[in-house]
Amino acid sequence: MKIDNKSSGDVEIILPAGRLDAPSSEELQERMVGLIDGGCRKIVANFSGVEYISSSGLRVMLASLKRLRKAGGDLKLARLHPYVRETFEIAGFTQLFEIYDREEEAVGEFGRQDRPSQ
Amino acid sequence: MVKRPPNLTYAVDDEPPLLTNLLLGLQHVFLITISLIFPVVIVRSIGGTPQEAEFMVSMSMLAAGVGTVLHALNRRGIGSGYLCPSLCGPSFLSASLLAANVGGLHLLFGMTSVAGLFEVLLSRWIHRLRVLFPPEVTGLVVAMVGISVIPTALTNFMGRNATDAVTEMPELLVAFVTLGTMVGISVWSRGKLRLYSVLVGMTIGYLASIPLGILTVDHLALFAEAPLAAVPHLDYFGWSFDVALLLPFMIAITCSTLKTIGDITTCQKINDADWRRTDMMNVGQGILADGLSAVFGGLVGTMGQSTSSSNIGLSIGTGATSRRIAFAIGGILVFLAFLPKLAMVFVVMPEPVMGATLIYSVSFMIIAGFQIIMSRMLDARRTFLVGIPLIMGLSVDALPGLYDDVPTILSPIFSSSLSLAAVLVVILNLIFRIGIAKRQRLVLKPGVDDADSIFNFMERQGAAWGARREVIYRAISATNELFEAVGPTGLAEGDIDVEVSFDELNLDVVARYRGEPPALPSTRPAEEELLREGPSATGLAGFMMTRYANSVRVDTKDGACRVRLHFDH
């Protein structure tokens, strides 16, 4: 599995690519733990390159979400392939995560939440 | 259970208001009358009189009307129940010309009835031949049904015919205005105007043809001279038979049957958003209606009748597939058969209007065919199965004269791109079935294999079997969840032996290993449970397995575990 990441302001964008099964989920978990331990609190996972996710991958995403929210941050998802979105739906994870069609929307949502309400 | 497609204004069981129904029926009649050129060609080929041609055209309308109603019936095993209009079948042209030239029109009528009887018999057991018609075969036939009309469509669109090889600017103008109107209404109009896109386009085409000199006073004279009402002259009726002509007519009816299978498949697909495969029982009923139409056609004095792909394309384009429209079409055609003056309105249809209408309808048929083909996974074997007949079929129109030297008896096959492609794809399908195992094994080694191993194996098998992509994907997902639930966790003490079997309706994955069975919770484990490590955290995998598969069965015996995952296909 190939995992790239980039920044947009204080939002870290992670771009896994390939099939997210048990072995590759361990790689993703290491990367997520590294980002969170490094102080990153706003993460967007751009799933446009992920063609499959197993329950192991789902659990890694859930663990990351829980850790971030506990620390006052959040993990948002963007650009899920139809099959991957269906997997999230089957597992009931679409109620746990905020999912966006575009990466910019997910990043922008962090900015919107940061702005004080008028 | 049939799911209504959202793009249909009037689906198959809907009842359009009477006036709407009549207008929609009239629109179809315009398209059907284009095929009336075939009886005229046959009569002219034997030097027949205009009265003979007129008789055969009238009887063709009568047969088409009765055939259209038979197809829509769906009663006592007759008719598929769809709007699947009938007309003079192009598949019969070659054999019909042969019969007319050998023994006159009476031989043509007699042989047409015999061919129809053969189709009636065929309809009784065609449902047992499902193996011959997987989606890639029916899809190609549907696409070729559309492609085979292209030469006629384009020749007319350019305003040309057998005696006119020049395209004039007014003809092009009428063609583009007609097609532009039809397409424009289909794409950009709102509300119910889309229902009448072809009728509006044709009307504008007719009107534009008058000032541009395409419809002339000669045409108007034909209209004026035609009697208001007429009954067929009894002298023209008569039937004779010739054993030597049996083979060409059997070939013609076989080609026509293949086309009908493609047409009814399209009807099934456009009326069910969840369409998966051809319902061959329903096709059998349609073939019976087709055969009875041919028998009737021969008895009343015309050529063989067949389903009309262009009209099915029209019903897709307008979003109106109600079977009630078929009854309106039938009524109008029977009415016109005895009213020559009214029928003349259709007979004088300008070529560019005809061509534009065919292009509009055929577009939908070709795309519907490719959609059916692509609904399944294709490997090299299936690529050749579709590609070779497609290329050979196209060669008939692309390289005129290429098959001039084939024996006369086989000319019905080689004279049409549709017939050649359809016969070839059926034969190749049988040949390519050799060597496809219905059962395959995969051994998964925990710590060595991963999801890629399962993907590679299942995708290769799915393509070899021509399975539906989404079912294969669910099988991959479930098998991988099983592997992750029992492999890394140590529930399986060694390798996992996976056997996958397939037939058109079922996909089964059976995994055998020594060890403990996986947990299969009926509800998703709580979030806290999901975050635990080790074997206790495999509940989500087990839960996902039960969601991907239609059924999961687990049994253990003497330390051996068997997990059976079943998927409906």
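Two strands pair if DSSP finds at least two bridges between them. Helices (H or I, at least four residues) and strands (E, at least two) are DSSP runs, numbered from the N terminus. Here is some practice on a predicted model, in which local features need pLDDT of at least 70, side-chain atom pairs count only at pLDDT 80 or more, and totals for chains, interfaces and linings use all residues. Residues are numbered from 1 along each chain as its sequence is written, while chains are lettered from A and ligands numbered from 1 in the order in which they are written.

**Exercise 1.** Find the strands that pair with E4(B).

*Solution.* 
- Begin with E3 (residues 439-444) of chain B: six bridges link this strand to E4(B), in the antiparallel sense. Within that pairing, Val498(B) is the bridge partner of Leu442(B).
- Next take E5 (residues 506-514) of chain B, which runs antiparallel to E4(B) and is joined to it by seven bridges. Arg512(B) in E5(B) stands opposite Asp497(B).

**Exercise 2.** Sort the side chains of E4(B) by face.

*Solution.* 
- A residue is buried if 20 or more other C-beta atoms, placed from the backbone, lie within 10 Å of its own; it is exposed if 12 or fewer do, and partly exposed in between.
- Walk along residues 496-503: the side chains alternate.
- Ile496(B), Val498(B), Val500(B) and Phe502(B) share one face and are buried.
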